[in-house]
Amino acid sequence: MRVGARGAAVLVVCVVAAGCGSGSAASTGALEAGPPTVTGSSGSAPAVTDPSAAPSPSDTAEGTGASPASPPKPLGEARSWRITTYYTVVQTFHGGPLKPVRGCPGLHCKWGRTPLGSYPEDFLKEIQTEGGGRITTGPHRGRYLNWSHSVGWWLDDSTRDSTARPLKAWSSAAADRDVLARGQRFRIVDCGKDWRGRPVAEEVCARFRTATWKVTDLFRPGYGGEHHADVYIGEETGPGFKKSPFYTTLRKATIAAP
């Protein structure tokens, strides 16, 4: 679930990753949430469809005499969406002096004081921006260290959305409840421009287009905006991940129901 905050508190019910290209929900403290008292990620992105596998005209509506399918109807205004991204931090790719952390050993706790181990300073800093990180050394190796301004630090077995379910790479998303209700599914059908105002590379846009996103987190009222969605792209894959073309902000994008 989304947490973290590059500038303000982010409330979350079972916090987890949040950050993003430029102006993510996490970075503005814009996610709704509460303490992790709910009871009861990542993975690779879907493969890009092979154009050579497209059906022949004889297999399509045109070939059968049926009316061709109409293009998907945009959700909101076309070419008006800002799509930001967030991810899960991985300890291996971060350094700095070790700092001890105290918090909750599990979900059903708030502002705990239990020693949770010592971790690289850079790793902790990124978690407080993105919301959660996978531990790769020490007694808690393989678990996740998560952070929320509303509950502090805690250990978990996953990164989670605001319903306490594990985040799904290239699937989980957040948006304003007045624009996209929780549970709404959508696809990015036009990537628009990148954060620099340049056309998005085709191989990058193809990956975004092949994903179907589901709103599992909500922006705090007044923070999301009419045309803003935040999408989860999984774990960072190496040093300098923030320079990845997928850790980005899409501007003037178009989304539609799947």
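Contact here means heavy atoms within 4.5 Å. By that rule, and leaving aside neighbours within four places in sequence, Ile83 is in contact with Ile188, Ala229, Val231, Thr248, Thr249, Leu250, Ala253 and Ile255.

This is a predicted model: local features need pLDDT of at least 70, side-chain atom pairs count only at pLDDT 80 or more, and totals for chains, interfaces and linings use all residues. Residues are numbered from 1 along each chain as its sequence is written, and side-chain values use heavy atoms, with hydrogens and water left out.

**The core**

Ile83 also belongs to the largest nonpolar core, which has 44 residues. A nonpolar core is a set of buried Ala, Val, Leu, Ile, Met, Phe, Trp, Tyr and Cys residues joined through side-chain atoms within 4.5 Å. Buried means under 20% relative accessible area, exposed over 50%, and partly exposed in between (1.4 Å probe, protein chains only). Which residues touch the most other members? They are Ile83, Leu145, Phe186, Ile188, Phe208 and Trp213. Strand S1 (residues 81-90) gives the largest share of this core, 5 residues. Helices (H or I, at least four residues) and strands (E, at least two) are DSSP runs, numbered from the N terminus. In soluble globular proteins, nonpolar side chains tend to be buried together.

**Val215**

Val215 is found in strand S9 (residues 213-218). Val215 is buried, with a relative accessible area of 0%. Not counting residues up to four places away in sequence, Val215 touches Ala173, Ala174, Ala175, Leu180, Ala181, Arg182, Gly183, Gln184 and Phe186. Gly183 is 32 residues away along the chain, yet the C-alpha atoms of Val215 and Gly183 are separated by 5.1 Å.

**Disulfides**

A disulfide is a pair of cysteine sulfur atoms within 2.5 Å. The count comes to 2 disulfides. Counting bonded cysteines along the chain, the pattern is 1-2, 3-4.

| Disulfide | S to S | Torsion about S-S | Hand |
|---|---|---|---|
| Cys104 and Cys109 | 2.1 Å | about -70° | left-handed |
| Cys191 and Cys205 | 2.1 Å | 100° | right-handed |

Cys191 lies in the loop between strand S8 (185-190) and helix H3 (202-210), and Cys205 in helix H3, so the pair ties together parts that are 14 residues apart in sequence. Cys191 and Cys205 are both buried. Cys109 counts as partly exposed, at 23%.

**Aromatic pairs**

Rings of Phe, Tyr and Trp (its six-membered ring) pair if their centres lie within 6.5 Å; planes under 30 degrees apart count as stacked, over 60 as edge-to-face and the rest as tilted. The structure holds 11 aromatic pairs. One of them joins Trp170 and Phe208: this pair is tilted, 5.0 Å centre to centre, with 55° between the planes. Trp170 and Phe208 are buried. Phe241 and Tyr247 form another tilted pair, 6.4 Å centre to centre, with 50° between the planes. Phe241 and Tyr247 are buried as well.

Ring pairs also link Trp170, Phe208, Trp213 and Phe246 into a cluster. The charged end of Arg207 sits over the ring of Phe246, 4.5 Å from its centre. A charge sits over a ring if NZ of Lys or CZ of Arg is within 6 Å of the ring centre and within 35 degrees of the ring normal.
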